[in-house]
Amino acid sequence: MSTQIPIIEPDRKVEKTSLIGKHVLRLDGESKVTGAVEYTDDLPFEGYYAEVIRSNVPHGEIVSISTEAAESIPGVIAVVTGEDLENADWISPYVGPAFRDQPVLAIGKVRYVGEPVAAVIAERPDIAAVASTEVVVKCKKLRSVTDVVKARKEDAPLLHESGDSAAIFEDLAMVHHSEEPNVAYAYELNVGDLEKGFEEADVVFEKNYATPMVQHVHLEPFVTIASYNAAKNSFKIVTGNQTPHFVRREVARIFGIPSSKVEVEVPQMGGAFGSKTYVRIEPLVAALSRAVKAPVKLRQTSSESFDTSVRDGTQTRVKTGVTHDGVIIAQEVEVIWDSGAYADISPRKVKKAGYTAPGAYDIPNVRVISKSTYTNKPPGVAYRGFGVAQTAWAVESHIDDVAREIGMDPVELRIRNITQDGGTYNGVGIGIHGAPQCLQAVVDEVDWFGTKLEQPSKKHIKKGRGIAVTLKTTITPSTSEAIVLLDADGSVNVITGGTEIGQGIITTLAQITADGLGIGIEYVNVNTPNTNSAPFNTSTTSSRSTFHLGNAILGAVDELKEQLVEFASEDLEIEKSDIIVEDGFVKTSVGNYSISEVVASHFVGGGGTLIGKGYFSTKEGRENRYESAFWMTGATYAEVSVDTRTGKYSIDKWVNSADCGKAIDPVRCEGQILGAAVQALGHTMSEEMVFESGQQVNKSLLDYKVPAIGDVPKESKIIIVESGDPNGPHGAKGVGESNTVTVPPAIGNAIRDACGARVRELPITPDKVLRGIEEASE
C-alpha cells in the first residue's frame, strides 16, 4: 500500500531575503494592546444619530408606516421610509453587487424579519432609540418560505419577480435569474461523461449533507458615518468596509454623481470575515445624510449584525462512483444554497464554490449543480471560505464514507485521487497549489499509517481520528494598485486600498516594501485607505491581499529604483548600467550613496518626494472553467474522545497545515491558520442560526455560542507548507481560509471513526451523535 504522496517539486526557487521569512512585530500591535487604535465608532463626530426600524414579519406587504408620534418627540430631526426614497428625485434606492434587488429601505414589501423599513434621525442616540419605538409599521402578511426545497416548488411564494444584473464585475456580467422559482442563479459544470463513469464504477455511493446559516460574529459591529455636502453635491463616508472602492462606486451610482464626488475612508476594523464586503449600511446612512443635509452616524448593535449579513446554509447531495481499488471515476455534487432574501454576492459564490465542490481530487467525470435560492431569511453574503466550507463539509465527509464502503483507509483513498501540482483539475491543467504537500504534512506529523489510537480503559469512551483536505480558489479576475512615496529623508509612505481587518496586512505590506528598498521597517508607514488618495483595490477578501497588493508594491518599488538610478546617472554623469539599488543604497562605480542622499541632492528647496506606482491584475477563466490567480490548500487532522452514553465529545488534538507559498512572516501565518481553525470550531460544535416561523430565536451572543479558549484542543500543531507560488511576491500567497474549510469534516470523520456515528448536518451536537450511534447499531 502506498503511503507517500508523489509531489512535483516547483522549478522556481523561493527567494530568501533580509526581511522575508522573518517575524516582525505588528506595527499596529502596541496601539491595539493599549486601546489607542481608533475604530469608526471612536472617531470624533458632530452631527445626528440614526436608529433603524425593522420588519417583524418574514414576508408581507407594507400597508402603512406611521411616523407622526416619533416625529413629535423633541430632538427628532426626521423619519425616513422606503417610500420617501422611492419618491425622491435624488436617489435610485436599489443596490447589490450581482443583482440590484435590495432596497436601501424596504419598498412595498418586506422579505425577512429584521429587514430595515424606516430610520429615525435625531440629535442624540438615546432620542433616536426612543423615537424608533414610536414608529408603527403595519404589514399584510404574505406566505413565507424558509426552506430551500419548498422555495423551489411551483406553488411557492415568489420573493422577487425579476432582478436587474448589476453588471459590475466581469465574472458576473452575464448572470441572470433562473426560471426556477426563487432561484437567484444556477451554475452547472460538466466534465467528461458522468453517466458512463457511474456505469464503469464498481461502487456508487450517494448521501445528503447540510449546513445551517451562521453569523460572522465580528467584534466590531457595523458603524458608518456619512456627511453630505450640499454645496458640492458630494459625500464623505467613514465606515468599516472591506471594499471601499465598491462603496464609492455604488454610492455614486445610486445618487447619480461621479465617483470623484464620493470619498470613502476606512479606519482599522475589529474583524469582518467577509461580512463587511460590498455595501451594507453605507447607502442607507448616505441617504439619511442626504435627506437632512447633515452628517449622520449609524451604529448597529451586535444583534443587528444577524439582520444584516450571514453565511448561507446549504443542502448538498453527493454521489460518487469508485473502483474497488479506490479510483474515483465519477462524482455528482448538487448544492442548494439558502441565500436569504437578497442575492448579494451569492451568484459568484455558487459559481466559485461550485467549481471546487468536488474537493481537491482529480476526477475525470464530474457534474456540479449549484443553485442560489431566495428564502425569507437575512441575506447570505461572503464569509471566510466563500462557500467552500459548506461544500467541503459534504464532500470530505462523503470521501470517508466512500472509503468505509469499499474497505479502504480514508487517507489512502485521498492519496490515490488528490490532484497534483501541475496536474489536472476538472478536466483542465492546474499549476502549483500544494494540496498534496498539506495532506502529507499532517499524515507524517501523526504517523497515520504507523500508529493506532489507544482506547481508554473506560468502555463508554471511544477515541477516533479523522482527516480532511481542501483546495480553494481566490477571487479572479481582480486588480490591485499601490503608490509608494519615498521622501528625502529615506522614509516611505505606502498607499493602497487594502483594509486592516485584524489580519496584519499593514505589517505585511510594510515588510515587503522595506525589504524591496533595503531599509528598516521602522521607516515605512502604511496608510489606511481613503479613496480620494488610495488607488484602486478590488477588495480585501479571498485572502488576496498579500498576493495582489504585494505584487503591486513590488512594481512600485521597482519604479522607485528606476528613478533613483536615473537621478544618480544624471547627477553623477555615469552610465545607468554602472548603478544598482540594494540594501538601502544606490551603489555606483564612483561610490555608494544612501537613497535619502540621492533624493535630497536631486531636488532643491529642502526636500523632494519620489512616487512609485505599481499595478497588478489577474484575468478571468473562460467558459465554466475557473482560472484562479492562486490556489489555497490545507489539511486538518483531528483526534476526539466520544462519550457514547451522552454523545458529548472532546477534541483532544489537532494538526492544521496550510500552504502559504512562502511565509512573509511565519508567526503571522501561524496565527492565520490557527484563527481559521478556531473559527471553524464554532461551525462544528455549536453555531447555528435557529429560526421559528421565520424569526431567528437566538439572535444574541447569550444564545449563539462561539468558541472560547477552553474549546481549543490542548494539543495543537500548526504546519506551514511553502510550495512557492510562481506568481506570488517572493512566492507568497494567501493563507487565511483553508482550515476554516477542513476542521469541521476532520472532526466529523474522527467522531465517525470513534463510535460509528455519521453526523451529516452541522453543528455536531451531542444529541446528533447519540442518534448516529443508534443508527450505526441498527
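Student: In this predicted model, which residue of strand 7 does Ala50 stand opposite?

Tutor: The model is predicted. Strand 1, residues 48-54, pairs with strand 7 in the antiparallel sense over 6 bridges. Within strand 7, the residue that Ala50 stands opposite is Ile121.

Student: Which residue in strand 7 is the bridge partner of Thr81?

Tutor: Strand 7 also pairs with strand 3, residues 76-81, in the antiparallel sense, and this pairing has 5 bridges. Thr81 has its bridge partner in strand 7, and that partner is Ala118.

Student: Is strand 7 largely enclosed by the rest of the structure or left open, and how many of its residues are buried?

Tutor: Strand 7 covers residues 116-122. A residue counts as buried when its relative accessible area is under 20%. Strand 7 is largely enclosed by the rest of the structure, because the number of its 7 residues that are buried is 7.

Student: What radius of gyration does the protein chain have, and why does it agree with a compact globule?

Tutor: The C-alpha atoms fill a box of roughly 85 × 75 × 50 Å along the principal axes. A compact globule with 778 residues would have a radius of gyration near 28 Å. The chain agrees with this because its radius of gyration is 27 Å.

Definitions and conventions. Residues numbered from 1 in each chain as written. Predicted model: local features only at pLDDT ≥ 70, side-chain atom pairs only at ≥ 80, totals over all residues. Heavy atoms only, no water. Rg over C-alpha atoms; globule rule 2.2 N^0.38 Å. Buried < 20%, exposed > 50% of the residue type's maximum accessible area, 1.4 Å probe, protein only. Helix = DSSP H or I, 4+ residues; strand = E, 2+ residues; numbered from the N terminus. Pairing = 2+ DSSP bridges.
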